[in-house]
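Please look through the model shown here with the points of this note beside you, taking them one at a time.

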Amino acid sequence: MTAITSSRFQQLIERNQKQLTSRRKTVNSLMLALTGFMTLLALIPLFWIVGYVIYKGAQYINLDFFINLPRPLGMEGGGVLNAIQGTLIISGLAALIAIPPAVLAAFYAANYPNTPLGTALRFSTDVLAGTPSVVIGLFAYAVIVKPMGHYSGLAGAIAMAILMLPTIIRTTEEMLKLVPHSLREASLGLGAPEWKTSLRVIFPAALDGIVTGFLLAVARAAGETAPLLFTALGNERYNVAQIVTSGVAQKQGFFQVFERIIDQPMDSLPLTLWKYAQQPYPERIQQSWAAALVLMIVLLLVNILTRVWIEVRKRRLQG
């Protein structure tokens, strides 16, 4: 009797397990299908926007668009060479200004998180990250443009650097926290000072994530328009080649030519896109779509090249 009861009980357990397994598989399949469907819904706007920009902008892209300056209103042709040069200069200069202090601040926040300065740094970073870009532009206008007496690419780069700071600080801080403490302890145990441990051990270990943070910050700066309205303003006659040629003809030094390059009004692709899109000339509307496509391609290429560099570096480290 006991053997029969035990066998019956075992059969009931096996049947319940089969039912539970079947139900779990069904629920798991339904949830996977639901999450996949929601993922597709989230991707639809992205592909829609990208596809529409490619459709509208690719029609008006040609060689003249990249190598020529804008032509007067009402005339067909011309390009956005001034905006391309301005975007590269402002973004590059903003990165040079923002990256060193942001990385050093991130090291302090990661190593001394509970100090008053570390707490104030993280709080200020969160507040700055939520500040509208137009407010940053107004601040840069009051502090930089007004005292200088004129608009310039340097003022635009400083405004963009301020926008880049919170992104670089927070991403760098989080990447530094992911580095195992054993690496720091081993370096300190071998007699290396703390500053050398941070720069020679911790920083290389977190470099891939830090570079990703740099890219996110550069992408945000390269796509901003509002701060440049109050700082760089725009300049359809801006041409770096002409400035350099003129400087060489006048026998000016490197720093004098560099000052002329950054110390005058400057255009950018987002600023040109914003200006062209509201003008009642069909050729300018067409060029605004082309400018949007070029900006999107530039940001995409930067991200792709960085991903490739990270993968190559990871494979080298793995041997």
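This is a predicted model: local features need pLDDT of at least 70, side-chain atom pairs count only at pLDDT 80 or more; totals for chains, interfaces and linings use all residues.

1. The lining of the largest cavity is made up of Gly86, Thr87, Ile90, Ser91, Met160, Ala221, Ala222, Leu228, Ser268 and Pro270. Two or more of these lining residues come from each of the elements α3 (81–111) and α9 (207–222), and α3 is the element that gives the most, with 4 residues.

2. Sorted by class, the residues that line the largest cavity include 6 that are nonpolar and 4 that are polar, while no charged residues are found there.

3. Turning to the helices, I would ask you to find α7 (residues 181–189) and α8 (residues 194–205), whose axes come within 10 Å and cross at roughly 145°. The crossing in which α7 passes α8 is right-handed.

4. Which residues of α7 and α8 meet? On the side of α7 they are Leu183, Arg184, Ser187 and Leu188, and on the side of α8 they are Glu194, Thr197, Ser198, Val201, Ile202 and Ala205. Taken by class, the residues of this contact between α7 and α8 divide into 5 nonpolar, 3 polar and 2 charged; Arg184 in α7 and Glu194 in α8 are the charged ones.

Note on methods. Residues are numbered from 1 along each chain as its sequence is written. Side-chain values use heavy atoms; hydrogens and water are left out. On a 1 Å grid over the protein atoms alone, a cavity is a set of points where a 1.4 Å probe fits but cannot get out, and a pocket is an open set with protein on both sides within 12 Å along at least five of seven lines; lining residues have an atom within 4 Å of a point. Axes are lines fitted to C-alpha atoms, for helices over the stretch in contact, and angles run from 0 to 180 degrees between N-to-C directions. A crossing is left-handed if the near helix is turned anticlockwise from the far one by less than a right angle, and right-handed if clockwise. Contact means heavy atoms within 4.5 Å.
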